[in-house]
Amino acid sequence: SGASCKCIGNIFKSIDFLKNPVVFINVEGKSSRDRRSTYNEKEVDICAKIVEILQNLGIKDDQIGVISPYNAQVMKIKDRIKSISNSIELSTVDRFQGKEKDIIIYSVTGTDDGSISFASHPNRLNVALTRAKCRLIVIGNAKAILRANTDNLLEDFVKWTKRKGYYLEEWTINDLLTPQYLTFKRWSRVNGVFNSVKDDLNDCL
């Protein structure tokens, strides 16, 4: 609901990648082919890290959706996070049409012209960018998107996030989940803000 999103916004204002309703996280990975589909291992890693951070902050699995244009990427993310969750909804963008979640993690996945064109198709991109009720987290290779030799709505989106201050580098995520912070208990001792975030979030939801 709107009230819930406002509450979440107030609570997450001290966390860079969650303080705004939309964020683009630049991940300089490279896409690969798996049979007839495309995947990107570096984006898989970042998706898994973001899921773990959200869980540590008290976000429930049924509030999170993870989507990609490519089935191979969806399956690799599913395999990567199965040790921490088997209830988060993972889907291709096309199959997620008509659904919503409080927080959507969208892995663009592709880094070549063909795969970026596929992800940037107006109907597909419209679905990907409108499934989040509170927070939309887009993960992609900005350099590849900006240099793509194709009609590219994703390029417009990346430029818009830069203008709005909604653009971050992947180290922002890595810094939040270094080995010594792998559990919420350790993490909260290092930075007390996360204790209050979790408590306030429980009051919100």
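## K42 and E170

K42 is partly exposed, at 34% relative accessibility. Partly exposed lies between buried (under 20% relative accessible area) and exposed (over 50%), with a 1.4 Å probe and protein chains only. E170 is buried, at 15% relative accessibility. This is a predicted model: local features need pLDDT of at least 70, side-chain atom pairs count only at pLDDT 80 or more, and totals for chains, interfaces and linings use all residues. Residues are numbered from 1 along each chain as its sequence is written, and side-chain values use heavy atoms, without hydrogens and water.

K42 and E170 form a salt bridge, with the closest N and O atoms 3.5 Å apart. K42 sits in helix α2 (residues 41-56) and E170 in the loop between β8 (167-169) and α8 (171-176), so the pair ties together parts 128 residues apart in sequence. Helices (H or I, at least four residues) and strands (E, at least two) are DSSP runs, numbered from the N terminus.

## R80 and D45

R80 pairs with D45 in a salt bridge, the closest N and O atoms being 2.0 Å apart. R80 is in helix α3 (residues 71-81) and D45 in helix α2, 35 residues apart. R80 is partly exposed at 34%. D45 is also partly exposed, at 32%.

A salt-bridge network links E41, D45, K76 and R80.

## E89 and K99

E89 forms a salt bridge with K99; the closest N and O atoms are 2.7 Å apart. E89 lies in strand β5 (residues 89-92), K99 in the loop between β5 and β6 (101-107). Both are partly exposed: E89 at 25%, K99 at 36%.

## Whole structure

The whole structure holds 12 salt bridges. Each is a side-chain nitrogen of Lys or Arg within 4 Å of a carboxyl oxygen of Asp or Glu.
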